[in-house]
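Please examine the sequence and the three-dimensional structure shown below. The report that follows describes how the parts of the chain are arranged.

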Amino acid sequence: MTNALFQPLQVGRFRLANRIVMPPMTRSRASQPGDVANDMMATYYAQRASAGLIIGEGTQISPMGKGYAWTPGIYSDEQIAGWRKVTDAVHAEGGLMFAQLWHVGRVTHPDNIGGEQPISASAIKAENVKVFIDNGTDAPGFVDVVEPREMTHDDIQHVVAQFGQAAKNALLAGFDGIELHAANGYLINQFIDSQSNHRTDEYGGSLANRLRFLDEVVTALCDAIGADRVGVRLAPLTTLNGTVDDHPEETYVAAAKLLNQHDIAYLHIAEADWEDAPLMPQDFKRALRDVFSGAIIYAGKYTAERAEQAVQSGLADLIGFGRPFVANPDLPARIQLGQPWAKHDPDTLFGGAEKGLIDYPTYSAA
């Protein structure tokens with residue numbers, strides 16, 4: 001039944017043992033102060049190393065890139081050393097791991113970024129969006145985001161350089177490659193989508209202009225570590241964190257075509273996964289496949305059956321299983337053997353300690 005998911009695949013410079021991806025999931029367990037990856041996180045990822053590819057949780061490239069309390073960074077020596085514990089543990093279990101590089105732009109609060117005003121493509125506040133801050137307890141305190149300031153040209157060049165440095169830092173930390181987070185309403189997505197980018201310079205207006213920041217960041221990443229170690233995540237139909245595009249199919253097919261010119265390792269598509277979310281049309285997926293020649297990952301509420309069908313159809317090469325990996329550290333084995341999946345505890349997703357992170361048993365142990 002699930003034979004297609006267990007065929008090896010060459011992705012960039014790496015040969016993956018299977019088509020099952022652990023996608024990036026914020027868990028907010030980094031050590032404080034300093035937002036440093038730790039031994040607990042190393043255990044968590046190593047438990048899940050049977051995935052063909054692990055993409056680490058969103059990791060801010062700078063203090064200004066941080067959107068939520070207790071998320072890890074990759075810009076200080078201490079953070080690089082913390083991540084090295086994680087990648088060493090994953091590699092010891094035979095796993096492959098990419099870092100997801102993250103700048104949240106306007107999706108934050110001054111309390112998370114040292115009192116600064118957030119930055120974005122335009123000075124437009126994301127409506128009805130909350131982030132969590134450290135309010136002095138173990139539980140995240142949710143607050144409304146604030147209005148950002150429009151990035152200057154100097155700001156843009158500074159952030160492009162920070163992405164390039166973060167990619168180099170990721171290799172120093174032992175990651176096999178990096179994924180650029182250009183999805184889910186964060187900074188790069190704020191430039192791409194028409195309703196969050198009202199700029200009148202060369203970074204706004206036309207579709208080519210709105211894709212310019214993405215292009216410059218990906219160029220910096222490929223120059224830093226090689227295109228065969230770079231993936232990019234996009235979210236064409238999600239309206240997360242208030243970013244909406246008026247013509248998503250046109251915009252994101254153009255983005256995929258642009259990324260194909262960089263010869264990156266993979267494209268990772270986050271499908272909308274809430275209850276009444278719009279399904280991504282097959283024609284849209286076909287159009288992406290037509291313009292992008294690297295591997296394509298899809299993620300969003302996949303069952304083993306749907307994943308198998310997606311890979312067999314040729315529209316997807318790999319499937320990301322998000323929440324199922326939270327509660328099922330041995331998810332590939334459960335899929336292969338037809339074993340039931342455990343359910344995760346939603347109350348322990350963000351913040352806290354080992355409970356809900358590393359105490360989920362394998363099927364055989366349970």
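## The barrel

Eight strands form a closed barrel in the order S3-S4-S5-S10-S11-S12-S13-S14, with parallel pairing. On average, neighbouring strands of this sheet are turned by 25 degrees against each other, direction ignored. Axes here are lines fitted to C-alpha atoms, for helices over the stretch in contact, and angles run from 0 to 180 degrees between N-to-C directions. Helices (H or I, at least four residues) and strands (E, at least two) are DSSP runs, numbered from the N terminus. Two strands count as paired if DSSP finds at least two bridges between them.

This is a predicted model, in which local features need pLDDT of at least 70 and side-chain atom pairs count only at pLDDT 80 or more, while totals for chains, interfaces and linings use all residues. Residues are numbered from 1 along each chain as its sequence is written, and side-chain values use heavy atoms, with hydrogens and water left out.

## Strand pairs in the barrel

Strands of a sheet pair through backbone hydrogen bonds, either parallel or antiparallel. Strand S3 (residues 20-22) pairs with S4 in the parallel sense over two bridges, and Val-21 has Leu-53 in S4 as its bridge partner. Strand S4 (residues 53-60) is in turn joined to S5 by five bridges, and these two strands run parallel. Within this pair, Phe-98 in S5 is the bridge partner of Ile-55.

S5 also pairs with strand S10 (residues 177-181), in the parallel sense and over four bridges. Here Gln-100 stands opposite Glu-179 in S10. Together, S4, helix H2 (residues 77-92) and S5 make a right-handed β-α-β unit. A crossover is called right-handed if, with the strands pointing away from the viewer, the path from the first strand over the helix to the second runs clockwise.

## Strand S5

Is strand S5 (residues 97-102) mostly covered or mostly open? It is mostly covered, as six of its six residues are buried. Buried means under 20% relative accessible area, exposed means over 50%, and partly exposed lies in between (1.4 Å probe, protein chains only).

In a regular strand the side chains alternate between the two faces of the sheet. In S5, Met-97, Ala-99 and Leu-101 point one way, whereas Phe-98, Gln-100 and Trp-102 point the other way.

## Helices H3 and H6

Helix H3 (residues 153-172) and helix H6 (residues 212-225) pack at an angle of about 35 degrees, and their axes are 8 Å apart. H3 passes H6 in a right-handed crossing; a crossing is right-handed if the near helix is turned clockwise from the far one by less than a right angle, and left-handed if anticlockwise. Among the residues that meet are Ile-156, Val-160 and Phe-163 in H3, and Phe-213, Val-217 and Leu-221 in H6. By class, this contact has twelve nonpolar, two polar and two charged residues. Ala, Val, Leu, Ile, Met, Phe, Trp, Tyr, Cys and Pro count as nonpolar, Asp, Glu, Lys and Arg as charged, and the others, Gly among them, as polar.

Val-217 is found in helix H6 and counts as buried, at 0% relative accessibility. Not counting residues up to four places away in sequence, Val-217 touches Val-160, Phe-163, Leu-180 and Ile-188. Contact means heavy atoms within 4.5 Å. The C-alpha atoms of Val-217 and Gln-157 are separated by 9.2 Å, although these residues are 60 residues apart along the chain.

## Two further buried residues

Tyr-252 is found in helix H7 (residues 248-261) and is buried, with a relative accessible area of 0%. Leaving aside neighbours within four places in sequence, its contacts include Asn-189, Leu-234, Pro-236 and Phe-284.

Ser-122 lies in the loop between strand S6 (119-120) and strand S7 (130-133). This residue is buried too, with a relative accessible area of 2%. Pro-148, Glu-150 and His-198 are among the residues that Ser-122 touches, not counting residues up to four places away in sequence.

## Backbone features in the loops

Most residues other than glycine have a negative phi, and most peptide bonds are trans. A cis peptide bond joins Gln-32 and Pro-33, with omega about -10 degrees. Pro-33 lies in the loop between S3 and helix H1 (39-47).

Asn-184 is not a glycine, yet has a positive phi of about 55 degrees. Asn-184 is found in the loop between S10 and helix H4 (187-192). Asn-241, in the loop between S11 and H7, has a positive phi near 60 degrees.
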